[in-house]
Amino acid sequence: MKGFSSIMGLEEDVFIGNSLIQFYAECGDLDYAQKVFDEMLEINTVSWTSLICGCGWRNMPKEAVSLFFEMVATGIKPNSVTTVCVIYACAKLKDAASSVCHTHRKAFKTSSSSCSICGKLWSLFG
């Protein structure tokens, strides 16, 4: 599977890349998910979200939060799934990174204004 997309010339297909990131993240191979992400020619919100959620689900909340900062810095806007995954990661961090997550709260208010559930989630976890 790891060399299949290269052999088939599919490394330029963002849909295939996103699917592979999601697949490897769900299998627990976050190193390879990151490698696929790093080698993609086009990266979109789904690419970032797949990696962020994978880190959050695999007990790597600091990495998930850090990736979110990188995503926002590149100018890619998070969607509602990204928001839920980062809130989940912040909840896992608890008090250790409350200031980091508070910073994210401000970013979410500006970038996810259409996500009505985000405010409710922040009141529960943030």
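# Notebook: helix packing around H6

I started with H4 and H6, and their crossing is left-handed. For the term, I noted that left-handed has the near helix turned anticlockwise from the far one by less than a right angle, and right-handed has it turned clockwise. Helices (H or I, at least four residues) and strands (E, at least two) are DSSP runs, numbered from the N terminus.

Before going on, I wrote down that this is a predicted model, in which local features need pLDDT of at least 70, side-chain atom pairs count only at pLDDT 80 or more, and totals for chains, interfaces and linings use all residues. Residues are numbered from 1 along each chain as its sequence is written, and side-chain values use heavy atoms, with hydrogens and water left out.

**Entry: H4 with H6**

I looked up the geometry next: H4 and H6 have axes 9 Å apart and pack at about 25 degrees. H4 is therefore roughly parallel to H6. Axes are lines fitted to C-alpha atoms, for helices over the stretch in contact, and angles run from 0 to 180 degrees between N-to-C directions. Under 35 degrees counts as roughly parallel, over 145 as roughly antiparallel, 65 to 115 as roughly perpendicular, and the rest as oblique.

From H4, I found Thr45, Thr49, Ile52, Cys53, Gly56 and Trp57 in the contact, facing Val81, Thr82, Cys85, Val86, Tyr88 and Lys92 of H6. Contact here means heavy atoms within 4.5 Å. I sorted the residues of this contact by class and got 7 nonpolar, 4 polar and 1 charged. Ala, Val, Leu, Ile, Met, Phe, Trp, Tyr, Cys and Pro count as nonpolar, Asp, Glu, Lys and Arg as charged, and the others, Gly among them, as polar.

**Entry: H5 with H6**

I then turned to helix H5 (residues 61-73) and helix H6 (residues 80-93), whose axes come within 8 Å and cross at roughly 140 degrees. H5 and H6 are therefore oblique to each other. This crossing, too, I noted as left-handed. On the H5 side I listed Pro61, Lys62, Ala64, Val65, Phe68 and Met71, which meet Thr82, Val86, Ala89, Cys90, Lys92 and Leu93 in H6. The classes here are 9 nonpolar, 1 polar and 2 charged.

**Entry: single residues**

Is Thr82 buried or exposed? Thr82 counts as buried because its relative accessibility is 0%; buried means under 20% relative accessible area, exposed over 50%, and partly exposed in between (1.4 Å probe, protein chains only). Its side chain makes a polar contact with the side chain of Thr49 at 2.4 Å. Such a contact is a pair of N or O atoms within 3.5 Å; within protein, one must be able to donate a hydrogen and the other to accept it, and residues adjacent in sequence count only if both atoms are side-chain atoms. Leaving out residues up to four places away in sequence, I saw Thr82 touch Thr45, Thr49, Ile52, Phe68 and Met71.

Pro61, in helix H5, is buried at 12% relative accessibility. I found its C-alpha atom 8.7 Å from that of Ala91, 30 residues apart along the chain.

Asn59 sits in the loop between H4 and H5. I marked Asn59 as exposed, with a relative accessible area of 61%, and its phi is near 60 degrees, a positive value in a residue other than glycine.

**Entry: the whole chain**

Last, I stepped back: the chain has 8 helices and 0 strands. Buried residues make up 40% of its 126 residues.
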